[in-house]
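I set out to record what I looked up in this structure. The entries below begin with the ligand and then turn to the interface.

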Amino acid sequence: MSSWLADTIERAEEVNDWLSPKRKKSLSLLKDTRWPTRKTEAWRYTPVNNIERARFNVVESQGAPATDIPHLNAIDIVFIDGIYNAELSSKHFPEGLTITQLSEGNSSSWALDSFSKTKPERHFFGLINDALATQGCIIDIAADATIEQPIRIAQSFKQGTQTHTRILMRLGERASACVIEQLEGDELCFNTSFAEYQLAASAKLEHYRLAMQCADAISLGGCHFHLAEKAKLNSNLIGFGSQLSRVDYDIIHAGQFTDSKFNVIYLLDGKELFDLHSAIEHTQPNGKSEQNIRCIVADHSNAIFNGRIHIHRDAQKILAEMNNRNLLMSENAQINTKPELEIYADDVRCAHGATIAEIDKEAMFYLQSRGLSRNEAQVLLSFGFINELVDLMNNQAVAQWLRPILKQRFAAMEVS
Amino acid sequence: MLKITDLQVKVADKDIINGLNLHIKPGEVHAIMGPNGAGKSTLSYALTGRDGYQVTRGSASLDDQDLLDMEIDQRATAGLFLAFQYPVEIPGVSNMEFLKVAVDAQRLARGATKYSASEFLKLAKAACKQVNLPLSFLKRGVNEGFSGGEKKRNEIMQMIMLEPKLCILDESDSGLDIDALKIVADGINSQRDGKRSFLVITHYQRLLDYIKPDYVHVLADGKIVKSGGPELALELEAQGYSWLESYDRNAGDASE
Ligand SMILES: Nc1ncnc2c1ncn2[C@@H]1O[C@H](COP(=O)(O)OP(=O)(O)OP(=O)(O)O)[C@@H](O)[C@H]1O
Ligand SMILES: [Mg+2]
């Protein structure tokens, strides 16, 4: 066993709170799980040994909060270095919405019951998060409630911190809401951030995970969704790579007539790495899932996408689509993309495709011949590659805030 | 305005332009005609600086500035414009956004202030109308899914917006229906102000009926083999290229 893991388990054994019964199970699983190496299939392209090498503290929070998103008018839940900041967070919530802190203790039996229920056990760092996450929030939306204001969960991380946060959310029947998970920080830190969402029948969730930690950050996390009959999910993931960024997505279509849309943009530069593993489970008939993954890699960066679609035997009449398009800005960048289809039903439509393209030289010349500098041309072309997905975002404030940030990132990239 | 002296251009290790001379003065319209594969587009790419079009000899200047020494975008902001024979489709980049960045770059280079969003929109709409494209084309991806004729009109729209000094029009008339030809010709004529110069590459007399060139040149085998007034275009239209003494279709092959 790695010494890091041994230390972590030792620390986790000291955690004692209302979630301890759940943590125990994950801890015992952890003890039986091997530290991921290149030989571990789910970690083939993503080395995690820098976690062992780096030194982190469990510090008292004192960094700055994540960047404000103008015109969002959100209900804010703010964490700085993994610790809830009441002062910067909203205190009053509209009717039908209850938000409590994980650290406050048990709020209801469903919270205890649903902790680590949607998130599959196979995620190694998910187990670590189970054992160590004492911070985070519990969001409960009553049946039939429509929460107009988006809920923003803003997390920022500073140098040297090690943090583990967890989000638990339940949407009652026919409820609807929008959640924005925002993660920021570019210094060497280590965080795991996992979120579990339960959508009851006919509930609707619009979701954003703005995984914008970059450069030296080490970030491991996941979003796990459980959809009951007729539930609808629209999720957007924006990923900036870092020395180690890994996100696991699980969308479990557990009822009939469920519908999920998952749009992903990731942009990597320098030596950054971003690894996305998505798993779509269709266990019931008449479901629909659509994934659009667009990725731009520059310099020596490394993009990994593993997309699994699992259609169970009785899940007939499923429409599942997965489309992965990659833009390679440099010969030294790497893209590893792998679809994994497991289809046991016979009456389904499943389409998947992956392409890797380079910046179109002809288009570059055309734009430059109109007076655009190389850099300007490149920004336009890169943005053109992902534009469509930004335009599809329902929340205009998020889209508007993102556009210049994405452009800035393109401007820094080099075509080579 | 444009001065080309003894230009030699290599493409894929082959000499395509070979000792070409051309001098265009401010306000003049020159037409270049010539058989397929003669090197007309090659000349326009060499002037605009396209990768792979290697100038191995000679010089080219725009208003006494050495073109060949400049980056592609510098040539453009110095006032050179090429309406492409085959405009490129760029999905995902809206025509409007592209035009705005391009016009901003041009104005910056000239020391003029940027247009405000509303000023720009007004100009773009006017230019769009002038070439008879529906305003919805401003929102579409650059040339994305445009028909052949729509692409050509989009090139003319860009020319109008960018206000260049020298416009090279590479077969802007090919593939156009009769009405569109008139629109493109009118677009070009509207930009003639006595100072702006034009180099019009075409295969047909018809366009020249509308835009009345000052000179007509025949480009064959990498150089200008004959120059004359507008009447030369009429002769070519009637007789083709074979009557030209100095042009023999097999000459290039025979000398190799
Ligand atoms: N990238 C290239 N690689 C190889 N050959 C090329 C390339 N570009 C041009 N050529 C060749 O150079 C010659 C001149 O081509 P060019 O396109 O300049 O002709 P053109 O006069 O414009 O003809 P057209 O009237 O058909 O448009 C042709 O023989 C063409 O095949
Ligand atoms: Mg040509």
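Entry 1, ligand contacts. I looked up the polar side-chain atom of S41(B) and found it 2.9 Å from an oxygen atom of ligand 1. I then noted T42(B), where an N or O atom in the side chain is 2.5 Å from an oxygen atom of ligand 1. For G39(B), a backbone N or O atom lies 2.9 Å from an oxygen atom of ligand 1. I use polar contact for a pair of N or O atoms within 3.5 Å; within protein, one must be able to donate a hydrogen and the other to accept it, and residues adjacent in sequence count only if both atoms are side-chain atoms. Taken alone, ligand 1 exposes 640 Å², and the protein buries 64% of that (accessible areas by the Shrake-Rupley method with a 1.4 Å probe; for residues, only the protein chains shown count as cover).

I am working with a predicted model, in which local features need pLDDT of at least 70 and side-chain atom pairs count only at pLDDT 80 or more, while totals for chains, interfaces and linings use all residues. Residues are numbered from 1 along each chain as its sequence is written, chains are lettered from A and ligands numbered from 1 in the order in which they are written, and side-chain values use heavy atoms, with hydrogens and water left out.

Entry 3, ligand shell. I found 15 residues around ligand 1, the closest being G37(B), K40(B), S41(B), T42(B) and H203(B) (a residue is near if one of its heavy atoms lies within 4 Å). The largest share of this shell, three residues, comes from α1(B) (helices, H or I, of at least four residues and strands, E, of at least two are DSSP runs, numbered from the N terminus).

I recorded that the contact takes 30 residues from chain B and 18 residues from chain A (contact means heavy atoms within 4.5 Å). The count between chain B and chain A is three salt bridges (a side-chain nitrogen of Lys or Arg within 4 Å of a carboxyl oxygen of Asp or Glu). I looked up R370(A) and E155(B), whose side chains meet in a salt bridge at 2.6 Å, N to O. Elements that give two or more residues to the side of chain B that touches chain A include α1 (40-48), α3 (95-109) and α5 (148-162) of chain B. Of the elements, α3(B) gives the most to that side, with six residues.
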